[in-house]
Amino acid sequence: MNSQPSSPLALGEDGPVVVVGGGQVGSLMALFLARQGHRVSVYESRPDLRRVDIDAGRSINLALAARGIAALTDLGLFGDLANILVPMAGRMVHPDVPSGAKASAPELQPYGLDPDDVIYSVSRSDLNAILLDACEATGLVTVHFDRYCREVDFEAKTATFTDYDDALEPQEVSFGTLFGCDGADSNVRRAVLAANGGTSVEDELEHGYTELTIPAAPGGGFLMEPEALHVWPRNEFMLIALANPEGNFTVTLFMPKRGAVDSFESLDRPEAVMQFFERQFPDFVPLVPDVTEQFFANPVGDLATIRTEGWTVGGDAVLVGDAAHAIVPFHGQGMNLGMESCRLLDRLIRQHPDDRSLAFSKYEIDRKPDADAIADMALDNYVEMRSSVVDPEYLIRRELALELERRFPSKVAARYGMVMFTTMRYAEVRKRAQRQNAIFATLTDGVTELSQVDWELASELVSDLSPLPTPI
Ligand SMILES: Cc1cc2nc3c(=O)[nH]c(=O)nc-3n(C[C@H](O)[C@H](O)[C@H](O)COP(=O)(O)OP(=O)(O)OC[C@H]3O[C@@H](n4cnc5c(N)ncnc54)[C@H](O)[C@@H]3O)c2cc1C
């Protein structure tokens with residue numbers, strides 16, 4: 001796919017190392033590169049979020065799991081996050097109730113057998129601020145804010161920046177290597193694909209999302225259990241809530257964008273919004289007295305999977321994070337995937353110190369199957385979260401999976417756990433999960449309770465599975 005037949009070069013040998021995008025992935029990539037001893041210039045289109053509030057109603061917190069943690073630990077940064085993390089030990093499922101009935105108590109579905117199997121709710125901007133501070137602390141990374149990359153010229157090896165509103169005189173910046181970390185709507189990706197003849201396919205979901213906030217309790221503290229990911233599954237749509245250390249919760253409503261009922265389109269008046277929330281989420285409404293005002297104040301965001309082939313232009317450019325592989329958020333993995341990609345790319349550059357072009361091409365070959373696998377699993381997980389978690393067939397299969405994991409810990413692991421609590425390759429997770437699902441389906445056929453499972457058959461079927469890989 002690379003169009004540049006050039007002689008092998010080390011990073012930084014023929015010009016500056018430039019990172020476009022100073023989000024989670026761009027700042028983390030800059031840190032890995034600085035650890036290798038490179039001077040790095042990061043260009044970020046938005047103002048410095050440590051000085052200006054730029055969240056404005058959009059995805060305020062994220063789930064951080066093993067893959068992101070591994071990258072942060074590698075850089076010695078995970079410990080710095082202690083004050084901005086809230087651990088979550090499972091899903092707190094808020095069941096549907098018949099119209100007019102009282103809401104029943106939510107139920108915790110622990111994520112794993114091990115009490116240490118937790119994921120963390122983390123504020124996107126607090127995390128980004130810590131990463132930017134760490135970048136500046138290296139003395140090797142310079143972050144330029146309000147610099148929006150409009151174009152890249154791979155002949156001249158320059159990138160053109162203005163400010164976001166195009167008010168600034170265009171500024172040409174020379175680069176030896178460009179790291180495109182400018183997110184799902186990446187301009188660097190467009191330039192890279194124009195140069196290498198690659199392709200990018202965007203599958204937009206028919207569902208969108210909006211964010212709301214449950215305030216902290218009067219006088220401080222939380223209005224719900226903080227150490228769980230709350231979910232109100234309602235088949236075609238769902239509400240989720242993640243706690244913030246300040247006591248409030250970030251809530252996200254995912255639902256179809258269009259349609260006569262239960263869609264963003266249909267919720268066009270305050271009375272319709274109020275009726276919808278009272279009917280669907282009766283235990284949520286008392287927690288958020290201004291739900292309708294919030295609903296209309298916040299935008300509806302789009303969700304898409306973007307599959308790209310051609311992440312590199314020889315040793316001149318490479319795409320990392322959402323710019324290379326944007327996925328839907330239902331497995332809480334987009335950022336974790338991006339951080340793990342940075343870690344892999346760092347390793348490959350170090351393994352091929354004199355040939356960055358080789359490192360970049362190995363990176364795409366290695367990473368693309370994993371990015372595609374988690375893209376599919378993230379789509380599957382939407383169905384699991386919004387409907388399966390209350391389906392009796394799913395619940396018995398889940399119980400069985402946990403029991404098999406207990407009995408055969410070297411052979412069986414729930415897919416969710418393999419994605420969230422290990423760094424096993426995503427493609428391997430998907431393959432194992434497919435095999436396991438076939439076994440679970442056989443063993444739960446006609447079964448309503450765990451005591452009815454044929455354990456001899458279980459043992460036989462599980463013996464065909466290969467042992468779980470050791471962590472990488
Ligand atoms: C609702 C929602 C919930 C999510 N929840 C989770 C979760 O729980 N866990 C998880 O792991 N992931 C989650 N994700 C995914 C996660 O947000 C992304 O995968 C992650 O933020 C990608 O990081 P990034 O740095 O690649 O891109 P971004 O975070 O988009 O950062 C790109 C940066 O580049 C800048 N930029 C853009 N264009 C230019 C340009 N032309 N020039 C210069 N700078 C530019 C942007 O301002 C931005 O700072 C969620 C996503 C959504 C939408």
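Q: What counts as a helix or a strand here?
A: Helices (H or I, at least four residues) and strands (E, at least two) are DSSP runs, numbered from the N terminus. The model is predicted: local features need pLDDT of at least 70, side-chain atom pairs count only at pLDDT 80 or more, and totals for chains, interfaces and linings use all residues. Residues are numbered from 1 along each chain as its sequence is written.

Q: Ok, where's Phe-145?
A: Phe-145 sits in the loop between strand S8 (141-144) and strand S9 (148-153).

Q: What is Phe-145 in contact with?
A: Beyond its neighbours within four places in sequence, Phe-145 is in contact with Glu-44, Arg-46, Pro-47 and Asp-48 (C-beta atoms, placed from the backbone, within 7 Å).

Q: New topic: how many residues of H1 are buried?
A: Eleven of the twelve, so H1 (residues 24-35) is mostly covered. Among them are Val-25, Leu-28, Met-29 and Phe-32.

Q: What comes just after H1?
A: Gly-37, with a positive phi of about 100°.

Q: How do H8 and H9 cross?
A: The axes of H8 (residues 334-351) and H9 (residues 356-386) come within 9 Å and cross at roughly 155° (lines fitted to C-alpha atoms over the stretch in contact, with angles from 0 to 180 degrees between N-to-C directions). That makes H8 roughly antiparallel to H9 (over 145 degrees).

Q: Which residues make that contact?
A: Those of H8 include Leu-337 and Leu-344, and those of H9 include Tyr-363 and Ile-374.

Conventions. Angles under 35 degrees count as roughly parallel, over 145 as roughly antiparallel, 65 to 115 as roughly perpendicular and the rest as oblique. Two residues are in contact if their C-beta atoms, placed from the backbone, lie within 7 Å. The expected span of a helix is 1.5 Å times one less than its number of residues. A residue is buried if 20 or more other C-beta atoms lie within 10 Å of its own, exposed if 12 or fewer, and partly exposed in between; C-beta atoms are placed from the backbone.
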